[in-house]
Amino acid sequence: MSDPSVGFIIHNLKQVVTLAGSSLPRRGKEMSELAVIEDGAIVVANGKIAEVGSEADLLAQFPNSRRVDGQGAVCLPGFVDPHTHLPFYGTRENDFEARILGKSYAEIALAGGGIRSTMRATRKASLDDLVTAAKPRLDRMLCSGTTTAEAKSGYGLNLETERRQLLAIKELDEVHPVDLVATNLAAHEVPDEYREDKEAYIRLLCDKLLPELKELAQFCDIFCEDHVYSAKESRRILSRAKEHGYQIKIHADEIESVGGAELACELGAVSADHLGRISEAGIKGLASCETIAVLLPGTTFYLNLPNKAPARKMIEAGVAVALATDLNPGSCLTESMPAILTIACADLRMTPGEVITAATINAAHAVGMGDSRGSLERGKWADFVLWDIPHWRYLPTHFGVNLVKDVYKKGRRVVQDGRRVSS
Ligand SMILES: [Zn+2]
């Protein structure tokens with residue numbers, strides 16, 4: 001492998017989809033403006049983008065740079081996946097089949113399945129087990145074009161296991177090319193042992209699980225639904241999280257409209273996620289505050305649920321929309337952002353341009369990293385993907401297969417011809 005600090009110019013790119021533009025999240029019509037350069041090239045030095053422009057200009061401007069042939073590929077920024085439950089243990093194929101056969105969530109839980117079965121398996125797993133299980137997931141993410149991802153704890157629901165999950169995220173971030181941003185989701189559920197005394201678990205969250213894990217997580221997230229944590233309880237827990245120095249994310253209005261989006265605006269959350277049942281007031285609120293709406297259409301597809309987020313309405317109202325996989329063992333088991341893009345087009349009626357914006361620059365803003373990635377602009381990390389497609393518009397039209405050719409992470413080629421380059 002070459003030394004990326006020396007610098008090179010990658011040319012013979014049919015299109016470079018730069019997403020260059022405003023330093024703010026993209027809204028409304030901006031979500032369709034991708035700033036595409038036909039016959040483009042990128043100059044990379046020290047792992048960052050030194051220049052982006054037309055091939056003719058850049059080859060003339062940098063005549064002595066080492067040249068890398070892009071072989072006519074279409075180049076996009078690496079995807080940012082802003083909502084994953086990456087460090088989990090165990091599988092849930094029994095739940096998947098039971099659901100198809102018509103069993104309810106409660107019946108599945110009673111038979112030992114559901115989120116609590118992942119919790120039991122994750123509590124038993126060692127740090128090594130968690131890292132070993134998650135590594136191939138990260139490889140699949142990288143091979144599907146994701147170069148940065150958010151990762152949540154939330155299957156421990158006690159100090160020891162939540163810490164182990166966050167330590168696994170830290171270790172994976174250090175050893176794997178995909179950059180990870182950690183989120184403390186100790187408020188994912190109420191654990192079995194506190195089911196008769198939710199108040200005691202909320203006190204444990206506020207006084208122990210949030211402060212003691214702060215050094216391992218940038219964000220704090222919560223499952224805000226009446227049957228888990230109500231909007232009132234969520235406000236209380238997230239306010240404490242802010243006092244402890246966390247930035248905020250919320251699983252908001254997924255199943256019922258409970259004012260989750262409004263709460264996200266009120267608390268200055270970086271993102272509000274799911275939003276299948278967002279209210280009119282919630283849409284208005286998100287359109288006029290800085291919180292990003294992270295939509296997870298893979299989940300409603302996977303569960304065959306009707307609560308699809310009203311993406312068209314949100315975009316037209318001026319909400320900044322991002323997309324994520326929601327990678328998790330029970331309700332959406334995929335590492336593939338390209339699959340999510342297709343589902344967002346088909347189910348949410350987003351356009352190809354909008355889904356690309358939602359998976360790159362807006363997704364980067366949804367993890368607080370819009371200034372360093374998500375678009376191909378001078379000074380940002382050289383995180384980009386070469387796609388074996390004839391035009392950027394083609395990308396979400398072809399699904400269930402991998403059209404990634406090469407992936408560059410911080411200027412290094414980490415995937416070549418669709419396969420991980422061993423480091
Ligand atoms: Zn989630």
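I count a residue as buried if 20 or more other C-beta atoms lie within 10 Å of its own. The model I am reading is predicted.

Strand 9. I looked up residues 247-252 and found five of the six buried, so strand 9 is largely enclosed by the rest of the structure. I then checked its partners. Strand 8 (residues 219-224) runs parallel to strand 9, and four bridges join them. In this pairing I noted Cys 224 opposite Ala 252. Between these two strands the chain passes through helix 8 (residues 231-243), and the β-α-β crossover is right-handed.

I also looked up strand 10 (residues 271-274), which pairs with strand 9 in the parallel sense over four bridges. Here His 251 stands opposite Asp 273.

Helix 4. Which residues of helix 4 (residues 115-124) are buried? I listed Ile 115, Ser 117, Thr 118, Met 119 and Thr 122. Helix 6 (159-175) is among what covers them.

Domains. I took the division as domain 1 (8-77 + 375-420) and domain 2 (80-366). Their C-alpha centres lie 29 Å apart. The contact takes 27 residues from domain 1 and 31 residues from domain 2. On the domain 1 side, strand 4 (66-77), strand 14 (404-409) and strand 15 (412-416) are the elements that give two or more residues. Strand 14 has the largest share, three residues. I sorted the residues of that side into 16 nonpolar, five polar and six charged.

How values were computed: Residues are numbered from 1 along each chain as its sequence is written. This is a predicted model: local features need pLDDT of at least 70, side-chain atom pairs count only at pLDDT 80 or more; totals for chains, interfaces and linings use all residues. A residue is buried if 20 or more other C-beta atoms lie within 10 Å of its own, exposed if 12 or fewer, and partly exposed in between; C-beta atoms are placed from the backbone. Two residues are in contact if their C-beta atoms, placed from the backbone, lie within 7 Å. Domain bounds come from an automatic or database domain assignment. Ala, Val, Leu, Ile, Met, Phe, Trp, Tyr, Cys and Pro count as nonpolar, Asp, Glu, Lys and Arg as charged, and the others, Gly among them, as polar. Two strands pair if DSSP finds at least two bridges between them. A crossover is right-handed if, with the strands pointing away from the viewer, the path from the first strand over the helix to the second runs clockwise.
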